[in-house]
Amino acid sequence: MSTNENTDSDFWLRLDNAAKIYPAIISRELTSVLRISVELTERIKARQFSDAITAIQNRFPYYKVKLKAGFFWYFLDYENLPLQVKADSDIPCRAFGKDEIMFRVLVKGNRLSVEFSHVLTDGTGAFEFLKTLLLCYFEKCGFEIPADVDVLKATGNVAEEEYEDAFNKHFTRITAPGIKVPAAFQLPFALKPKPRFSILLGILPIREIVEKAKEHEVSITEYLIAVYLYALQEVFDKLSEKAKKLNRKKARIEVPVNLRKIFPSHTMRNFSLYVMPEIDFRLGKYSFGELVKVVYHQMRMETDKKLINKIISKNVGSERTLVIKSIPLVLKSLLLSKVYQHGVRKYSGVLTNMGKIDLSPELNKHIKRFIFIPPPPNRDLKVNCGMVGFNNQLVLSFGNITKSRELERTFFTFLVQQGIPVKIEILKT
């Protein structure tokens, strides 16, 4: 599809495998909306930014869509609506209305944010959109854009692989049975009054974290998963004996994995799965060294391509069965809602790592930092975490809907005790 064909009213998309569950569970609180922000060194210039928005109007037709209900499945229908820039003055990751396209561009001072419904894409797709918009803005400001910067050009044609369903493309039928995963420990904190969602930022120097991770011979992600499990273990240990007996005894972290690093794909839609390293409190208290070792081995085992293929086969294969295909959408939505509720009880926390961002030395000097905020957690999970690195700074964002910050306090206190300085901020809206 070339950009001058994007007004074709016949353009529509089936939901990808990861997206199918979200329409069944979306609400004003459980929005399934993620956010990626970039804070620049200078205030955003209105005219140049308006020119950049105009330049990319037709570059991403697979995002200019509305969610529509068919008889058996939801689908995405193209809407030739102009991209609107709004003031960033509300809580992050708000739900989209029925008459809105499912992403938004927000500006406040020197901060540019994009928010996407998970129905459309994952963090990787959202970031690629932000990167295209950002570099187009830099170009309008007169900055030189190095030729080797990896970005989708604002004036480029839209390749079909950008909006392909990569789950279906890489589906291989595998008959091996799945492994039953029991429910996990859930944080015992009381919920806040509405609106509940708030963001606590922890800013850490990457060099110090890399050094600590190297001491344990693990990656930064594995090191911080171990810290997360340590914090959960501390929360569990402080419970009364009665509360310990009533709660689940396994702590499990859901860690999204970008499948584009495992399978050849340039899709801008969802293409992520999850691995879930865990510990069992019944086995006794884990030292931090033991936690790191557990995470290291479980992460390598669960990201094996054959096991990932097995999960894709189970997920995509189930939606292809005649029984599932023939269930009307109203009943299918009830079923998917139950599947979701059952699924979220299997993990105690979420840690999403967007990785380290590096555009080019010439462009990096105009950027202060990036912030990634995963969708608001549900009432069982209560807290989640996203992180992204830039220059020598790692920004962790804890999203929380409870009255307690005990988990975050334990998490960051441990890092400080390890010699890693932490600066804490409340995200201002």
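This report looks at one helix pair and at the cysteines in a predicted model.

Residues are numbered from 1 along each chain as its sequence is written, and side-chain values use heavy atoms, with hydrogens and water left out. Local features need pLDDT of at least 70 and side-chain atom pairs count only at pLDDT 80 or more, while totals for chains, interfaces and linings use all residues.

**A helix pair**

Let's start with helix 2 (residues 46-55) and helix 3 (residues 123-140), whose axes come within 8 Å and cross at roughly 130°. That makes helix 2 oblique to helix 3 (under 35 degrees is roughly parallel, over 145 roughly antiparallel, 65 to 115 roughly perpendicular, and the rest oblique). Helices here are DSSP runs of H or I with at least four residues, and axes are lines fitted to C-alpha atoms over the stretch in contact, with angles from 0 to 180 degrees between N-to-C directions.

On the helix 2 side, Gln48, Phe49, Asp51, Ala52, Ile53 and Ala55 meet Leu133, Cys136, Tyr137 and Lys140 of helix 3, contact being heavy atoms within 4.5 Å.

**The cysteines**

How many disulfides are there? The count is zero, with a disulfide taken as a pair of cysteine sulfur atoms within 2.5 Å.

Technical notes
Helix = DSSP H or I, 4+ residues; strand = E, 2+ residues; numbered from the N terminus.
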